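Colleague: Could you walk me through how this one is packed before I start looking at it myself?
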Amino acid sequence: MPLEIAIPKDLRKLMQFGSGVGIEIGGKDLDVVAARVRPGRIRVLGRLAIRDFAGRPAAEWGSEYAKFLRSLGASYLSATVLLPRREVVVRQVALPGVANRDMEGAIRFQLDSLHPYGEDEVAWGWSPVGPGAAMVGIARRSAVDRYLQVFTEAGILVANFTFQAAALHAAIGLNGAGHPEGFVALGRSTSGAVEVYGESSSRPVFSAELEMPEDRAAALALSELRLPPETAPLKLEEALPKPDWNPVENDLSRNALPYATALAGAFPRLAPAANLLPPENRRFGSRVMWVPTVALAVLLAAILGGAAAWSRVAQRQYLDRVHAEIAALLPRQQRAAALSRDASHALSRAQWLDQYRAQTRRDLDLLHELTRLIESPAWTRSIDITRESVRLQGETPQATALWKILDSSRLFRNSKLDYNQPSATGGESFIISATRESGK
């Protein structure tokens, strides 16, 4: 289960020990932000703009990046990379009743219906956005491999390829439930378009890049999120956790996305952002960065262990009370079961008697019908009646006509002449059998 769901807000804030590097891939440039987070405070370590990365040798700008991290004492950090919006298809999936441990399997089962790439191989990742809901990002595997090759040639360790909505949701989640009523936040993307992000109870996440005035973009987002039209939009940097220290060159009004990506990369378990990078390609830096997290995890385990021990004691006491109540009510339950059995037996006997009486009536109706059908001078010597059939033995002037007459009745079917011989009186001796109609 993701930690941001399992751990209460206040305890989660105490566990905020981590550092991250966020890289936003722009049209021509890379925007890099490094941040360090501690309980109750965030420090932006620095910002770097790598110009024209696509037109320069990867080793050249990779050395700039390495020098930047060394100057911050953060060479061990792996990067979280924000893929261009055009490369990623984002879907929100509702899976009510599906446990978080089963969410990935449920998404994988319907993955082919979530993207337009047909038979092309895809890379995908997801992050939770509420109970039974997930945000899924899908990109062509060839695009992910292309960017991975570029960063590998530059010597950059990459732990995560993510997208805008996932990075913003993870970073804003560090504040806990800071906007329970919902909000809309506006910023500017590297292309100059309006970057819109919002959350509400009706729609967990809304993220878009719109080529329109900010007021129209805000109105569209409020409509999508079903928030009141009078809701005032925030600036994107206002929705994010506010850093206690931020260098002048890192203008959050223009660099909110790489900042959010760095925060998401600082807590890959505490505030997970969907990761499109295949697990076998993820690279992580020094394990020293996990020492504070491990220490806090040990403390958390001790707290949870104590809570579990107390829970077992309380549960045992509760079970003892339940067993005492069961013992007191058991004689009543046994009496009720015996009465139920007696009632069932009586009902069965009554139904059997009803069926017996109804059978007698059906037999009398059959005799009455035979009396009507077998008219003088025909007569019967014997009539054998069973539940399923009737057998007649007698004499008649013409036996062939008689079994056809029986079939014309609603009480008989499949009549047949079993025996037919001339009699001493000048008629014909016969034996006729017929099947009784069920329920007749």
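Modeller: We can go through the cores, then the strands, then a helix pair.

Modeller: This is a predicted model, in which local features need pLDDT of at least 70, side-chain atom pairs count only at pLDDT 80 or more, and totals for chains, interfaces and linings use all residues. Residues are numbered from 1 along each chain as its sequence is written, and side-chain values use heavy atoms, with hydrogens and water left out.

Colleague: Which residues touch the most other members of the largest nonpolar core?

Modeller: They are Ile23, Trp61, Tyr65, Phe151, Ile156 and Phe161, in a core of 71 residues. Such a core is a set of buried Ala, Val, Leu, Ile, Met, Phe, Trp, Tyr and Cys residues joined through side-chain atoms within 4.5 Å, where buried means under 20% relative accessible area with a 1.4 Å probe and protein chains only. Helix α9 (residues 252-266) gives the largest share of this core, 9 residues; helices here are DSSP runs of H or I with at least four residues, strands are E runs of at least two, and both are numbered from the N terminus.

Colleague: And what does Phe151 touch?

Modeller: Leaving aside residues up to four places away in sequence, Phe151 touches Ile23, Ile25, Leu30, Trp61, Val81, Ile156, Val158 and Phe161, contact being heavy atoms within 4.5 Å.

Colleague: Switching to strands, which faces of β4 are covered?

Modeller: Both faces of β4 (residues 79-82) are, with Ala79 and Val81 buried on one side and Thr80 and Leu82 buried on the other. Strand β4 pairs in the parallel sense with β1 (residues 18-25) over 4 bridges, pairing requiring at least two DSSP bridges between the strands, and Gly22 stands opposite Thr80. Strand β8 (residues 158-162) also runs parallel to β4, joined by 4 bridges, and there Val81 stands opposite Phe161.

Colleague: How do α6 and α9 pack?

Modeller: Helix α6 (residues 164-173) packs on α9 at an angle of about 65 degrees, with the axes 8 Å apart; axes are lines fitted to C-alpha atoms over the stretch in contact, and angles run from 0 to 180 degrees between N-to-C directions. Among the residues making the contact are Ala167 and Leu168 of α6 and Leu257 and Ala260 of α9.

Colleague: There's an open sheet too, so what is its strand order?

Modeller: The order of its 4 strands is β11-β10-β9-β12, with mixed pairing. Strands β11 (206-210) and β12 (234-235) stand at the edges with a single partner strand each, so one side of each is left without a neighbour in the sheet.

Technical notes. Buried means under 20% relative accessible area, exposed over 50%, partly exposed in between (1.4 Å probe, protein chains only).
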